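Have the sequence and the model open side by side.

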Amino acid sequence: MKHLLYSLVGILLLAGCKEDKYNVIVPMSDIYLSAPQDGTTIDLNDLSTDGYNFSWDKSLEKGAKLILCATRDFKNPVKVDAGKSTSFTMSVLAADQYFSRLGIKAGQEALLYWTVKETGNTTAAASDVRTIHVKRMSTKLLLPEDMTEIALAEDKPETAVQFEWDTEG
């Protein structure tokens, strides 16, 4: 009798269950990229270029964030304030610093992903994502010599340390 009672309760519970449906709304950034084209190569050793232009389809009232990342899922990205216009020009030195923050070593090449999102809404899904192949600046350190001892003393603040490097080496 107990089994029959438990079976009936089980059937009633199963019959009473209904399928729950949830609507999940994923906010999109609604920003489409113009330049650089997908797969463009950026070589920071090219001395004929002063900067690299990134552009998109609409100006953003709150401002834009250019987002660069070494992975397609945009974990640990570098976010660059890109102003309120529809384009942003990144200098070669700034690009080298941003690429360094993404873990690319001097002289190395990597594939990066980039997109643009509105400031304050960087968690929205990107409507458009592109790739760029980048090569960081190759540098050769000149001064100080390797393993040179340098003593910095507070009683001699005028002591200068000179650092030199060759970007073509």
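Which residue in E5 is the bridge partner of Leu 66? It is Val 80. The model in which this pairing is found is a predicted one. The strands concerned are E4, residues 64-69, and E5; they run antiparallel and are joined by four bridges.

E4 and E5 belong to an open sheet of five strands, whose order is E2-E8-E7-E4-E5 and whose pairing is mixed. At the edges stand E2 (40-43) and E5 (78-81); each has a single partner strand, so one side of each is left without a neighbour in the sheet. From one strand to the next, the twist averages 30 degrees.

The other sheet to look at is also open and is made of three strands, in the order E1-E3-E6, with antiparallel pairing. Here the edge strands are E1 (33-35) and E6 (87-91), each of which pairs on one side only. The twist in this sheet averages 25 degrees from one strand to the next. Strand E3, residues 51-56, pairs with E6 over five bridges in the antiparallel sense. For a residue to start from, take Tyr 52, whose bridge partner in E6 is Met 90.

Now turn to the helix. Helix H2 packs on the three-strand sheet, where H2 touches E3 and E6. The direction of H2 makes about 85 degrees with that of E6. Helix H2, which covers residues 92-101, also lies across strands of the five-strand sheet: E2, E4, E5, E7 (109-118) and E8 (130-135). Relative to E5, H2 runs at about 150 degrees.

The last feature is a contact between rings. A pair of aromatic rings is described by the distance of the centres and the angle of the planes. The structure holds one aromatic pair, formed by Phe 54 and Trp 114. Their ring centres lie 5.0 Å apart and their planes are at 80 degrees, an edge-to-face arrangement. The angle qualifies because planes over 60 degrees apart count as edge-to-face.

E3 is a strand of the three-strand sheet, while E7 is a strand of the five-strand sheet.

Are these two residues buried or exposed? Phe 54 has 1% relative accessibility and so counts as buried. Trp 114, at 0%, counts as buried as well.

Terms used:
Residues are numbered from 1 along each chain as its sequence is written. This is a predicted model: local features need pLDDT of at least 70, side-chain atom pairs count only at pLDDT 80 or more; totals for chains, interfaces and linings use all residues. Side-chain values use heavy atoms; hydrogens and water are left out. Two strands pair if DSSP finds at least two bridges between them. Helices (H or I, at least four residues) and strands (E, at least two) are DSSP runs, numbered from the N terminus. Axes are lines fitted to C-alpha atoms, for helices over the stretch in contact, and angles run from 0 to 180 degrees between N-to-C directions. Contact means heavy atoms within 4.5 Å. Rings of Phe, Tyr and Trp (its six-membered ring) pair if their centres lie within 6.5 Å; planes under 30 degrees apart count as stacked, over 60 as edge-to-face and the rest as tilted. Buried means under 20% relative accessible area, exposed over 50%, partly exposed in between (1.4 Å probe, protein chains only).
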